[in-house]
Structure formats: structure tokens, C-alpha cells
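I opened the model to look up its ring pairs, its sheets and a few single residues. The entries below follow the order in which I looked.

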Amino acid sequence: MKRIVHFDISADDPERAVKFYTDVFGWSVQKWDGPMDYWLVTTGPKDEPGIDGGIAKRKMPIQGVGYFAMCLDTEGNPFGIMEADPEAK
């Protein structure tokens, strides 16, 4: 079975979230060396089923890509939305 490409966790305090997921699940997390605060998550070996992802602030611009936000629907279910904008800074 192939690994799912990516998940994204939005947090008010990403560094606290990194500590939580590292402590609880043993995930490997490294801060991305890019233009925004983003932590890359590796949940296991690439040759085993699973998913990797990232942790970032709850709402922010993604430089050169657009804007990302997490929202809640009327039942409290979270969903993410993204607006493309190559001029985002």
C-alpha cells in the first residue's frame, strides 16, 4: 500500500503541537528551512503504509502560494480552505 501524500495540522502554538505529537506518537519533526514557520512531520518509514505531513499556525499566508485557513462548519467539523495568490507574502 502506498503512503498518503500529506496531512496538515493547524495549531495556535505550533511548537507546543510539535512537542505533543513527538511525545505521544514518536513522530520525527523538523522545522522547515523556508520563508515561513512550518514543521515537517515524518510518521514512519517511507516503505511502510502511513502518512507524513506538517504543522503550522492556524491561519497564515504561504509565501508565493496563497492563503490557508482552517474553519469550522455548523456542526463544529474542521475543514481547510486555500486561496491561491502567487503574490502572497
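**Entry 1. Aromatic pairs**

I counted six aromatic pairs, where rings of Phe, Tyr and Trp (its six-membered ring) pair if their centres lie within 6.5 Å, and planes under 30 degrees apart count as stacked, over 60 as edge-to-face and the rest as tilted. I note that this is a predicted model, in which local features need pLDDT of at least 70 and side-chain atom pairs count only at pLDDT 80 or more, while totals for chains, interfaces and linings use all residues. Residues are numbered from 1 along each chain as its sequence is written, and side-chain values use heavy atoms, with hydrogens and water left out.

I took Phe7 and Trp27 to begin with: the ring centres are 5.5 Å apart and the planes stand at 45 degrees, so this pair is tilted. The pair links distant parts of the chain, with Phe7 in strand E1 (residues 4-11) and Trp27, 20 residues away, in the loop between helix H1 (14-25) and strand E2 (28-31). Helices (H or I, at least four residues) and strands (E, at least two) are DSSP runs, numbered from the N terminus. I found both Phe7 and Trp27 buried; buried means under 20% relative accessible area, exposed over 50%, and partly exposed in between (1.4 Å probe, protein chains only).

I then looked up Trp32 and Tyr38, whose ring centres are 6.4 Å apart with planes at 85 degrees, so I recorded the pair as edge-to-face. Trp32 is partly exposed at 34% relative accessibility, whereas Tyr38 is buried at 11%. Ring pairs also link Phe7, Phe20, Tyr21, Phe25 and Trp27 into a cluster.

One charge was also noted against a ring. Lys31 lies over the face of Trp39, 5.4 Å from the ring centre; the rule asks for NZ of Lys or CZ of Arg within 6 Å of the ring centre and within 35 degrees of the ring normal.

**Entry 2. Overall layout**

I listed one helix and seven strands, and their order from the N terminus on is β-α-β-β-β-β-β-β. The C-alpha trace spans about 35 × 35 × 30 Å along its principal axes. Of the 89 residues, 29% are buried.

**Entry 3. The four-stranded sheet**

In which order do the four strands of the open sheet stand? I read the order as E1-E4-E3-E2, with mixed pairing; two strands pair if DSSP finds at least two bridges between them. E1 and E2 are at the edges with a single partner strand each, so one side of each has no neighbour in the sheet. The twist from one strand to the next averages 25 degrees.

E2 and strand E3 (residues 38-42) run antiparallel and are joined by four bridges. Ser28 has Thr42 in E3 as its bridge partner. H1 lies across E1, E2, E3 and E4, at about 150 degrees to E4; axes are lines fitted to C-alpha atoms, for helices over the stretch in contact (heavy atoms within 4.5 Å), and angles run from 0 to 180 degrees between N-to-C directions.

**Entry 4. The three-stranded sheet**

I found a further open sheet, of three strands in the order E5-E6-E7, with antiparallel pairing. Strand E5 (59-62) and strand E7 (78-84) are its edge strands, each pairing on one side only. Here the twist averages 20 degrees from one strand to the next. Seven bridges join strand E6 (residues 66-72) to E7, and Cys71 stands opposite Phe79 in E7.

Is Asp52 buried or exposed? I recorded Asp52 as buried, because its relative accessible area is 9%. Asp52 belongs to strand E4 (residues 51-57), and a polar atom of its side chain lies 2.8 Å from the backbone nitrogen of Thr43. Beyond four places in sequence, Asp52 touches residues including Arg3, His6, Phe7 and Lys46.

Ser10, in strand E1, is buried as well, with a relative accessible area of 13%. Setting aside residues up to four places away in sequence, I listed its contacts as Ala56, Lys57, Arg58, Phe68 and Met70.

Gln63 sits in the loop between E5 and E6 and is partly exposed at 44% relative accessibility. Leaving out neighbours within four places in sequence, Gln63 is in contact with Pro35, Ala88 and Lys89. I also noted that Gln63 and Asp85, 22 residues apart in sequence, are 8.7 Å apart in space from C-alpha to C-alpha.

How values were computed:
A polar contact is a pair of N or O atoms within 3.5 Å; within protein, one must be able to donate a hydrogen and the other to accept it, and residues adjacent in sequence count only if both atoms are side-chain atoms.
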